[in-house]
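Colleague: Could you take me through one part of this model in detail? I'd like a close look at the charged side chains and how they pair up.

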Amino acid sequence: MKLKLKTNRIVPHLQKKDKRLRSVPKEGYDVFKAATPIRSGNARRKTRLQGTTIKADYPYAQRLDDGWSKQAPQGMVEPTIKFIKSKIAEILG
């Protein structure tokens, strides 16, 4: 038995999904940063995207994520994770 798979239709479809998936870290970073409370602006200024990693480089990041600020009672990580899961499901769905 021989099976010949024509990829001329599949490859462009996969490339389109790959391109959309590559944008997810940046979009997740934008959600994280928007969820970050702002008083002096320090927390947002010190939040960076390094590759696919969001870095909150300030000593009170964990406190903010634990809901310490009334501006972000759910923190930043949980809303970001929910967004990323939803976005990936949308792209792959």
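This is a predicted model: local features need pLDDT of at least 70, side-chain atom pairs count only at pLDDT 80 or more; totals for chains, interfaces and linings use all residues.

Modeller: Let's start with aspartate 30, which counts as partly exposed because its relative accessibility is 36%. Its partner is lysine 26: the two form a salt bridge, with the closest N and O atoms 2.7 Å apart. Lysine 26 counts as partly exposed too, at 44% relative accessibility. Both residues sit in helix 2, which covers residues 24-35, and they are four residues apart, or about one turn of the helix.

Glutamate 27 forms a salt bridge with lysine 87, and here the closest N and O atoms are 3.4 Å apart. Lysine 87 belongs to helix 5 while glutamate 27 belongs to helix 2, so this pair ties together parts that are 60 residues apart in sequence. How covered are the two ends? Lysine 87 has a relative accessible area of 17%, which is under the 20% cut-off, so this side chain counts as buried. Glutamate 27, at 23% relative accessibility, counts as partly exposed.

Helix 5 has another charged residue worth a look. The side chain of glutamate 90 meets that of arginine 20 in a salt bridge, at 3.0 Å from N to O. Glutamate 90 lies in helix 5 (residues 77-92) and arginine 20 in helix 1, so the parts tied together by this pair are 70 residues apart in sequence. Both ends are partly exposed: glutamate 90 has 45% relative accessibility, and arginine 20 has a relative accessible area of 33%.

Arginine 63 lies over the face of tryptophan 68, at 4.1 Å from the ring centre.

And for contrast, go back to helix 1 (residues 10-22), where you'll find isoleucine 10. Isoleucine 10 is partly exposed, with a relative accessible area of 36%. Together with Leu5 and Leu14, Ile10 forms a nonpolar patch on the surface, and the three have about 300 Å² of accessible area together.

Methods:
Residues are numbered from 1 along each chain as its sequence is written. Side-chain values use heavy atoms; hydrogens and water are left out. Patches are made of residues with over 30% relative accessible area and no salt bridge: like charges are joined within 9 Å, nonpolar side chains (Val, Leu, Ile, Met, Phe, Trp, Tyr) within 5 Å. Accessible areas come from the Shrake-Rupley method with a 1.4 Å probe; for residues, only the protein chains shown count as cover. A salt bridge is a side-chain nitrogen of Lys or Arg within 4 Å of a carboxyl oxygen of Asp or Glu. Helices (H or I, at least four residues) and strands (E, at least two) are DSSP runs, numbered from the N terminus. Buried means under 20% relative accessible area, exposed over 50%, partly exposed in between (1.4 Å probe, protein chains only). A charge sits over a ring if NZ of Lys or CZ of Arg is within 6 Å of the ring centre and within 35 degrees of the ring normal.
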